[in-house]
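Please keep the model open while reading.

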Amino acid sequence: MPLPTGDVIGILGDNLRLRNSVLPLSTKVATRWTEGLGLPRGGETVLYTGMMYQLIPYIEGLVKAEQRLGDSWLAKWTSLGRRVNRLVNLSGFMARPSAQERALFDQVPINVVHLLRAAGVEFGVLYEDDLYSGALAYDLGLDEVFAGHARRVRAALAKHGVRRVITIDPHTTNMLRSVYPKVLGSFEIEVRSYLEVLAEQGLGANGRSASKLSGTIAVHDSCVFARYEGLVDEPRELLAAAGLTVLEPEHTRRQTWCCGGPVESLYPAKAAANAAKRVEELRDVAPDAVTMCPMCFVNLSGAGGDTMRFTDISEYLREAYAS
């Protein structure tokens, strides 16, 4: 059975308020992907990860730990655990992903760096000031905690003189571009997904491809990209220009079907059921599918098992445009 919902939400909110992330990561872990890339610090244009891809293997570890605890006698002590967690980051001890798991998700921002360089885009990164966007806290209704964190993110961007942000995942894109301006009242920073930037730079339908790929893939739209940000054409243009045949499942584009990820930390069984339905739809179209969100990738990969393969879009694009 799941742990008490209120206590789990409380722990996530406490972590964001006290430690700048729902599941705090050390600077070394959060910035490991930057090693050897020679990326400048700060600047008017920055690549902003919002820590989403780095966080996912730890969040998955935390969800598994929650499931184990929920089935044990320790579940009744969750409220005490929350109080202790305010003093000592207990949640950090519950998630211990392998080096292989961490490397899999760190590879995505690395891919994006090579793609932006291939497109001739100049940018820096914020390293330890590349903060989590607060997306989960916003989704869970932790309004005051979220607003306080959004102000910290805005201050970090201002400290480095940032005027334009290039994002990697749907949730960070949506928070910075659509939610922050409403919550903060003032957020004078241009926010673009790297997929939009690549298409605008000519790597899309009328652009260039360094090497042609081949094959057929099903495309899974992120709910956040498709419904909230209207980002549906750019991924398809980039994949088609790379030589891939893109097939659409039954629910696609703005009518896409959720992977179940946003509720996994609270209701893992419901999340798994949603993911299984989506995998079935995608499998009816092709044995290989492309995702563009770390939550979609991990939830659908888990539900698909050995029956189909999921690949982050950055892998295909780097092979085509920056290999």
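How many cavities of 30 Å³ or more does the count come to? The model is a predicted one, in which local features need pLDDT of at least 70 and side-chain atom pairs count only at pLDDT 80 or more, while totals for chains, interfaces and linings use all residues. Residues are numbered from 1 along each chain as its sequence is written, and side-chain values use heavy atoms, with hydrogens and water left out.

**Cavities**

The count comes to four cavities of 30 Å³ or more. A cavity here is a set of points, on a 1 Å grid over the protein atoms alone, where a 1.4 Å probe fits but cannot get out, and its lining residues have an atom within 4 Å of a point. Grid points are joined across faces, edges and corners, and a volume is the space filled by probe spheres set on the points. The second largest cavity has a volume of about 50 Å³, and its lining consists of A30, T31, W33, T34, T49, M51, Q54, Y127 and D130.

One of these lining residues, M51, has a positive phi of about 65° although it is not a glycine. M51 is placed in the loop between β1 (45-48) and α3 (52-70), where helices (H or I, at least four residues) and strands (E, at least two) are DSSP runs numbered from the N terminus. With a relative accessibility of 7%, M51 counts as buried, the term meaning under 20% relative accessible area, as against over 50% for exposed and in between for partly exposed (1.4 Å probe, protein chains only).

N20 is another residue that is not a glycine and yet has a positive phi, of about 70°. N20 belongs to the loop between α1 (5-19) and α2 (27-30) and is partly exposed, its relative accessible area being 28%.

**The chain and its core**

The chain contains 15 helices and seven strands, and 55% of its 323 residues are buried. Among the contacts (heavy atoms within 4.5 Å) with a separation of 6 or more, 82% are between residues 24 or more positions apart.

In soluble globular proteins, nonpolar side chains tend to be buried together. A nonpolar core is defined as a set of buried Ala, Val, Leu, Ile, Met, Phe, Trp, Tyr and Cys residues joined through side-chain atoms within 4.5 Å. The largest such core has 95 residues, of which L47, L116 and Y194 touch the most other members. Helix α6 (residues 99-118) contributes the largest share of this core, seven residues. Leaving aside residues up to four places away in sequence, L116 touches L47, V121, F123, I166, Y194, V197 and L198.

**Aromatic rings**

A search of the whole structure finds four aromatic pairs, counted where the rings of Phe, Tyr and Trp (its six-membered ring) have centres within 6.5 Å; planes under 30 degrees apart count as stacked, over 60 as edge-to-face and the rest as tilted. Two of the pairs involve Y180, as the table shows.

| Ring pair | Distance of centres | Angle of planes | Class |
|---|---|---|---|
| F146 and Y180 | 5.8 Å | 65° | edge-to-face |
| Y180 and F187 | 5.3 Å | 80° | edge-to-face |

Ring pairs link Y138, F146, Y180 and F187 into a cluster.

**Further buried positions**

S193 is found in strand β3 (residues 190-193) and is buried, with a relative accessible area of 0%. Not counting residues up to four places away in sequence, S193 touches I166, T167, T173, R177, F225 and L231.

T256, in the loop between β5 (245-247) and α13 (268-283), is buried with a relative accessible area of 2%. Under the rule that leaves out residues up to four places away in sequence, T256 touches H220, D221, S222, C223, A226, R227, H251 and R278.

A320 sits in helix α15 (residues 313-321) and counts as buried at 0% relative accessibility. The C-alpha atoms of A320 and K212 are separated by 6.0 Å, although the two residues are 108 residues apart along the chain.

Note on methods. On a 1 Å grid over the protein atoms alone, a cavity is a set of points where a 1.4 Å probe fits but cannot get out, and a pocket is an open set with protein on both sides within 12 Å along at least five of seven lines; lining residues have an atom within 4 Å of a point.
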